[in-house]
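Hi everyone, thanks for coming. Today I would like to walk you through one structure, step by step, so please have a look at it with me.

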Amino acid sequence: MSENFRPLEGIRVVEMSHMVMGPSCGMFLATLGAEVIKVEPVAGDKTRYLSGMGRPLFPLFNRGKKSVRLDTESHSGRTALDALLSTADVFIDNFSSASLAKMGLNADAMRGKFPRLILASHKGFLAGPYEHRTALDEVVQMMTGLAYMTGPTGRPLRVGASVNDIMGGLFGAFTVVASLMERKRTGRARSLRIGLFENALLLVAQHMVQFELEGQEPLPMPERTFAWPVYDIFQTADNHQIFVAVATERHWRVLCDVLGLVDLAADPTLQTKGDQIKARPLTLPVLTNAIRGTTLDTLRENFEREGIPYSPVARPKDMYSDPHVLRPGGLVESVMPEGGAFRAPSLPVDVDGLPIGNIGNVPAMGEHTDAILSSLGFDKETIEAASGATEHGACDG
C-alpha cells in the first residue's frame, strides 16, 4: 500500500464538528497526511453515543484523528482553544453561526486573531435566503428533487446512504487543499463555506438541465424514459437478482447470443439502438424468460467473458466477501478505543498503482489532550481546568 503518500504532512487541522459532513472533511485530510485534531466538548462528541444506523458514524468518519477535550464555555478552555488555533493551518466546523459566535469563533473574529488560518465552515446552505435554516441530508434530498427522482411517483425516497454529507465533506477537503496551495503562493487565507443543499443541487443538475434544454420534466428513475435497450433487474434460475445493461448494438448482439435468442438477434427491426429501445415492451419479456432459465454463475461467466455490464444485486454486508473489495488494500482496519476493530474502505484512489495505506485508529475521547496542550506550554493544572477535568474527573488524555 502507498503508505508514504502523505502530501499534507506538516499541516495541522483543528476540527470542531459532529455527525458526518464536517468529520468526513477532516477524515479525508487526515488520510492525506494532515494532523487532524478533533476538539470535543467535556462530554464528548454526541455522535459517539448514537446507535442503530448512527452507530458507525463516529468511528468511520473520525479515523486517524487526535482527540482533545476542551470546556469551551470556560475561560481556560477558550484560552487553550485559541492557543491551539494559533498553531493550526485549517479550522473545520459544522455548527451554527450562533453557536460559533458564543465561543468567539465567528469568521470576522477569527480572521482578526488568526490571519493565516483557513476556515472551512460546513453549513446547510450557502449564503442566501435559506442560509439560517437547519438542514439534514434527508431534508436537502427532499428540497432539491433528489428524493423525488429516486422513488416512484408519489413516493419520494432518500438515497440509501449519507451521500450529501459525505460528498459535502469531500468538497470541503477539496477546497481546503486548493486554499492551502493558494496561501503558499499569496499568503492569503480564505474563509470557505460548504453547502449541503448546494451539494444535493449538483447531484440533480443532470435532471435540471434536461428540463432546461428540452422543456420536459424527467420522470423519476423507476419510471424513466430509457436511453438504453436493456437497463433492468432480472431474476435468475437459482433465485438471484441480477442487473443487466445493454448500451451498444454490440452488447445487444452478444446478449442475444449468450442467451440463445437467435431470432431476436436476427430480427431486421431490431438492428439499431433506437429500434431496440422502442421495442422494449416486446423484448423485455423474452429476455426475462431467458434469464429466468439461466443460473447466476452461468450468466456471470458469459457476461464477464463478453464484456456485458452486469451485477448481482448485493447488500452492503456482501462487500465483506467480495473478492475485489478483499484485494490488498481494499479494506483497511481501524482499532476502536474500547477494544476491537472494524474494516472499512479507504479513499477510492490508487497512487502509483497502490491503494492508499492505513487511515488510522479511532481516538478515545480526549486521548491526546495532555500531550497536545502540554506541547503548547500549558501545565497540568491549567490543562485540567481547560478540559473540564477538575469538575468532571480526570482527563482521559
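Residues are numbered from 1 along each chain as its sequence is written, and side-chain values use heavy atoms, with hydrogens and water left out.

The pLDDT is the predictor's confidence in each residue, from 0 to 100. Its mean over the chain is 94, and 97% of the residues reach 70 or more. Over residues 393-397, though, the pLDDT is below 50. Where pLDDT is low, the predicted coordinates should not be read in detail.

Now the sheet. Helices (H or I, at least four residues) and strands (E, at least two) are DSSP runs, numbered from the N terminus, and two strands pair if DSSP finds at least two bridges between them. In what order do the six strands of the open sheet lie? The order is β3-β2-β1-β4-β5-β6, with parallel pairing. Strands β3 (66-69) and β6 (191-195) are at the edges with a single partner strand each, so one side of each has no neighbour in the sheet. From one strand to the next, the twist averages 20°.

Let's zoom in on one pair. β4 (residues 90-93) and β5 (residues 118-123) run parallel, joined by four bridges. There, Val-90 stands opposite Ile-118 in β5.

On to the helices. Axes are lines fitted to C-alpha atoms, for helices over the stretch in contact, and angles run from 0 to 180 degrees between N-to-C directions. For helix α1 (residues 21-31) and helix α8 (residues 163-186), the axes come within 7 Å and cross at roughly 50°. That makes α1 oblique to α8, because angles under 35 degrees count as roughly parallel, over 145 as roughly antiparallel, 65 to 115 as roughly perpendicular and the rest as oblique. Contact means heavy atoms within 4.5 Å. Among the residues that meet here are Phe-28 and Leu-29 in α1, and Val-176 and Val-177 in α8.

How values were computed:
This is a predicted model: local features need pLDDT of at least 70, side-chain atom pairs count only at pLDDT 80 or more; totals for chains, interfaces and linings use all residues.
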